[in-house]
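Subject: Structure handover

Hello,

Here is the structure you are taking over. My notes on what was found in it follow below.

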Amino acid sequence: MSVANVRAYLMPYGVASRIRELDESSATVELAAAALEVDGARIAKTLSYQVGDTPILVVASGDAKIDNRRYKDYFHAKAKMLTAEEVKERIGHAVGGVCPFALPAAVKTYLDVSLRRFATVFPAAGSASSAIELSCEELERCCGTSFTAWVDVCKGWREESNG
C-alpha cells in the first residue's frame, strides 16, 4: 500500500487533499509529533492485532497504551500483536505507515475513546512519512466499512489528561 492508494481511497470522502507527505519519518509517535509539530498525544497510532483468525486495528491516542485487562474484557482474547511481516501481508500497510484506510475487507477497525479529547488527530496515510489531520467524526467515517466500534481499551492517557 502507498500514499497514492490511500489518497485514491480517501478521494470520495473529500479529505484526500489534506494528506501531508513529510520530508522526515513519521513512523513513531515521537517522530510524527516532531515532524508535524504537534503534541504526541494527538498522533493517532494504529496498532495491529489478531483476534481469532481476524486481523484488527486499534487506533489510539499517541500517549495511550493498551490495557491488557480492558482489551481481554472487550475482545474476549489476549492481546496478540501481528508481526511486521503479518502486518504487511494481512493489513496491507508496512509498519510505520499503518492506517485505518484502504484495508482488505477482512480487517476490522476499532477507535479508542482516548482520541475523542482532541478536535483533530493525525493518523498515518500509508507510508512512514505521511499523515492526515482529521476530526474524530471524519476518522470514523473515513474508516469506511472496516469501522466496527468505539472502544475503551487503553490506559495512561486518563492520568495524563486528568480525565
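A residue is called buried when its relative accessible area is under 20%, exposed when over 50%, and partly exposed in between, with a 1.4 Å probe and protein chains only. This is a predicted model, in which local features need pLDDT of at least 70 and side-chain atom pairs count only at pLDDT 80 or more, while totals for chains, interfaces and linings use all residues. Residues are numbered from 1 along each chain as its sequence is written, and side-chain values use heavy atoms, with hydrogens and water left out.

Helices (H or I, at least four residues) and strands (E, at least two) are DSSP runs, numbered from the N terminus. Two strands count as paired if DSSP finds at least two bridges between them.

Five strands make up an open sheet with mixed pairing, in the order 6-2-3-5-8. Its edges are strand 6 (122-123) and strand 8 (147-151), each of which pairs on one side only.

Going through the sheet in that order, strand 6 and strand 2 pair in the parallel sense over two bridges, and Ala44 has Pro123 of strand 6 as its bridge partner. Strand 2 and strand 3 are antiparallel, with eight bridges between them; here Ser48 stands opposite Leu57. These two strands form a hairpin with two residues between them, and Gly52 in the turn has a positive phi of about 65°. Strand 3 runs parallel to strand 5 and is joined to it by four bridges, with Val58 opposite Tyr110. Strand 5 (residues 108-112) is in turn paired with strand 8, in the parallel sense and over four bridges, and Asp112 stands opposite Val151.

How much of strand 2 is covered? Nine of its nine residues are buried. In a regular strand the side chains alternate between the two faces of the sheet. In strand 2, Ile43, Lys45, Leu47, Tyr49 and Val51 point one way, while Ala44, Thr46, Ser48 and Gln50 point the other way, and all are buried. Strand 5 is also mostly covered, with four of its five residues buried.

Helices on the sheet

For the angles below, axes are lines fitted to C-alpha atoms, for helices over the stretch in contact (heavy atoms within 4.5 Å), and angles run from 0 to 180 degrees between N-to-C directions. Helix 2 (residues 29-36) lies across strand 2 (43-51) and strand 6, at about 155° to strand 2. Helix 4 (residues 84-91) lies across strand 2 and strand 3 (54-61), at about 105° to strand 3.

The largest pocket

A pocket is an open set of points on a 1 Å grid over the protein atoms alone, where a 1.4 Å probe fits and protein lies on both sides within 12 Å along at least five of seven lines; lining residues have an atom within 4 Å of a point. The largest pocket is lined by 28 residues, and Ala27, Thr28, Lys45, Thr46 and Gly96 lie nearest its centre. Helix 2, strand 2, helix 4, strand 6 and strand 7 (130-132) each give two or more residues to this lining. Strand 2 gives the most, with six residues.

Two buried loop residues

Pro100 is found in the loop between helix 4 and strand 5 and is buried, with a relative accessible area of 1%. Leaving aside neighbours within four places in sequence, Pro100 is in contact with residues including Thr46, Leu57, Val59, Thr109 and Pro123. Pro100 and Glu140 are 40 residues apart in sequence, and their C-alpha atoms are 9.2 Å apart.

Ala125 lies in the loop between strand 6 and strand 7 and is buried at 0% relative accessible area. Beyond neighbours within four places in sequence, its contacts include Ser2, Val3, Ile19 and Cys99. The C-alpha atoms of Ala125 and Ile19 are separated by 6.8 Å, although the two residues are 106 apart along the chain.

Positive phi

Most residues other than glycine have a negative phi. Glu37, in the loop between helix 2 and strand 2, has a positive phi near 55°. Is Glu37 buried or exposed? Glu37 counts as exposed, because its relative accessibility is 72%. Ala102 also has a positive phi, of about 55°, and is found in the loop between helix 4 and strand 5. Ala102 counts as buried, at 12% relative accessibility.

Regards
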